[in-house]
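Here is my note on the model you sent. The points follow below, in short form.

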Amino acid sequence: LKDGKTRGAGFLCLSIPYKGRALPIAASEYSSRIIAQDKKGKPQICYEALDQLKPLLKGKTIIADREFCSEGNFKHFIAQGLAFAI
């Protein structure tokens, strides 16, 4: 949806590895309209999803792609006591 007029949508999926596959454990939809209405950005949506899973994630390493490579994300992971690899 890159025609410059139509608003796009995104889907944040958090998964865990299991026998060589990624099993989804949480998901969140977002779009530019949702972000504008809620007055929060995509990183905040990610943080909220991770915060709900904190008990499950303790002691595990979060593996994220380069989209999450930012100082703000690093600080959030560290503040929450979450191990991570980008």
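Where is the place of Tyr18? Tyr18 is in strand S1. Please bear in mind throughout that this is a predicted model.

1. **Tyr18 and the surface patch.** Together with Ile16 and Leu23, Tyr18 makes a nonpolar surface patch of about 260 Å². The relative accessible area of Tyr18 is 46%.

2. **Lys19 in the loop.** Lys19 is found in the loop between S1 and S2. Lys19 has a positive phi of about 50°, although it is not a glycine. Most residues other than glycine have a negative phi. Lys19 has 71% relative accessibility, so this residue counts as exposed.

3. **The largest pocket: size and lining.** The volume of the largest pocket is about 580 Å³. Its lining has 25 residues. Those nearest the centre are Cys13, Leu14, Ser15, Ile62 and Ile63.

4. **Which elements supply the lining?** At least two residues of the lining come from each of these elements: strand S1 (9-18), strand S2 (21-31), helix H2 (42-52), helix H3 (54-57) and strand S3 (61-63). S1 gives the most, with seven residues. Strand S1 also holds Tyr18, one of the residues of the nonpolar surface patch.

5. How do the lining residues of the largest pocket divide into nonpolar, polar and charged? The lining has 19 nonpolar residues. Two others are polar and four are charged.

6. **The salt bridge.** How many salt bridges does a search of the whole structure find? The search finds one. This salt bridge joins the side chains of Lys75 and Glu71, at 3.2 Å from N to O. Side chains of opposite charge can pair when their charged atoms come close.

7. **Setting of the pair.** Lys75 and Glu71 both belong to helix H4 (residues 71-79). They are four residues apart there, so about one helical turn separates them. Are the two residues buried or exposed? Lys75 is exposed, with a relative accessible area of 52%. Glu71 also counts as exposed, at 55% relative accessibility. The cut-off for exposed is over 50%.

Terms used. Residues numbered from 1 in each chain as written. Predicted model: local features only at pLDDT ≥ 70, side-chain atom pairs only at ≥ 80, totals over all residues. Heavy atoms only, no water. 1 Å grid on protein atoms, 1.4 Å probe; cavity = no way out; pocket = protein on both sides within 12 Å on 5 of 7 lines; lining within 4 Å. Points joined across faces, edges and corners; volume = space filled by probe spheres on them. Nonpolar A, V, L, I, M, F, W, Y, C, P; charged D, E, K, R; others polar. Salt bridge = Lys/Arg side-chain N within 4 Å of Asp/Glu carboxyl O. Buried < 20%, exposed > 50% of the residue type's maximum accessible area, 1.4 Å probe, protein only. Patch = residues over 30% accessible without salt bridge, like charges linked within 9 Å, V, L, I, M, F, W, Y side chains within 5 Å. Areas by Shrake-Rupley, 256 points an atom, 1.4 Å probe, with all protein chains shown as cover.
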